[in-house]
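Here are my notes on the model you sent over. Have it open while you read, as I go helix by helix.

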Amino acid sequence: VRGTQLERPSGARPGVSVRRSFRAHAGDQPRRPPGPIPEPGTMKQESAAPNTPPRSPSPELSAQHPRDDDDAQALWIFGYGSLVWRPDFAYSDSRVGFVRGYSRRFWQGDTFHRGSDKMPGRVVTLLEDHEGCTWGVAYQVQGEQVSEALKYLNVREAVLGGYDTKEVTFYPQDTPDQPLKALAYVATPQNPGYLGPAPEEAIATQILACRGFSGHNLEYLLRLADFMQLCGPQAQDEHLAAIVDAVGTLLPCFCPTEQALALV
Ligand SMILES: N[C@@H](CCC(=O)N[C@@H](CS)C(=O)NCC(=O)O)C(=O)O
């Protein structure tokens, strides 16, 4: 998946106009805070939050597929939001697939990457749902990549985003009979940025109005919708599709008319 072009499967559902094809890990890098672009793993702790050391994964999680040298262990990290298109850490392998028992929801507020303190954006988290299934990308990190990735994600996801780590079972699309243990970052209702449920129209309005250091909230929504369209018709996310449809309905209200443009 890394840097390759996933061809859109035939019969993909109509909806967001998918640009040519989804380049999962390439394309223009979203904006970051002013100043030098931090290398993965070097983002300084920019929040007032205490210096939280990266949570080391459970022994089972990091014991998977140990390489020749025993202490170099492999870890899978599951991404289902911005990590799908912008992991920004070094990894050795990646798989498209899904986790069961969770549904993706735009219920986490974001005052850094896709919003501000005055106008928090909305990004995704996982909701425990016995009937749920969430598609995304799992990345395998090995050796030194493990600590680098965890250090970087601790800042990006935990310190700046309010996410916590959770162990999930990931089913690769091509080998669903060989599931993998993976680490996921989940925003629980106990984190201060959690916004919780809202009508999809209200979520769409908020997304249309917000932007942050990583770019517009609409880009976040559409890149995720792009990915989902390319996963194939079997990968349904009705919540995401309803928000994209609501954005399509609302967009004319947010787009200046020719007359208004002529006035500027
Ligand atoms: N943890 C989810 C969601 C991650 C996510 O979207 N986190 C936000 C933090 S609030 C982020 O990193 N945003 C970067 C961006 O919007 O480009 C994932 O695995 O993708």
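1. Ground rules. This is a predicted model, in which local features need pLDDT of at least 70 and side-chain atom pairs count only at pLDDT 80 or more, while totals for chains, interfaces and linings use all residues. Residues are numbered from 1 along each chain as its sequence is written.

2. The whole chain. There are seven helices and nine strands, taken as DSSP runs numbered from the N terminus (helices are H or I, at least four residues; strands are E, at least two). Of the 264 residues, 42% count as buried, meaning 20 or more other C-beta atoms within 10 Å of a residue's own, with C-beta atoms placed from the backbone.

3. Helix 5 on its own. Its 15 residues, 217–231, should span 21 Å at 1.5 Å a residue, and the end C-alpha atoms are 22 Å apart, which agrees. The expected span is 1.5 Å times one less than the number of residues. Gly232 follows the helix, with a positive phi near 110°.

4. Helix 5 against helix 6. Helix 6 is residues 238–254, and the two pack at about 125° with axes 11 Å apart. Axes here are lines fitted to C-alpha atoms over the stretch in contact, and angles run from 0 to 180 degrees between N-to-C directions. The pair is therefore oblique, the class left over once angles under 35 degrees (roughly parallel), over 145 (roughly antiparallel) and 65 to 115 (roughly perpendicular) are taken out. Leu218, Leu221, Leu224, Ala225 and Met228 of helix 5 meet Leu240, Ile243, Val244 and Val247 of helix 6, where contact means C-beta atoms, placed from the backbone, within 7 Å. These residues divide into nine nonpolar, no polar and no charged. Nonpolar covers Ala, Val, Leu, Ile, Met, Phe, Trp, Tyr, Cys and Pro; charged covers Asp, Glu, Lys and Arg; the others, Gly among them, are polar.

5. Helix 4 against helix 6. The axes of helix 4 (residues 200–209) and helix 6 come within 8 Å and cross at roughly 55°, so this pair is oblique as well. On the helix 4 side the contact includes Glu200, Glu201 and Thr205, and on the helix 6 side Ala246, Leu250 and Phe254. The contact residues divide into ten nonpolar, one polar and two charged.

Notes. Two residues are in contact if their C-beta atoms, placed from the backbone, lie within 7 Å. A residue is buried if 20 or more other C-beta atoms lie within 10 Å of its own, exposed if 12 or fewer, and partly exposed in between; C-beta atoms are placed from the backbone.
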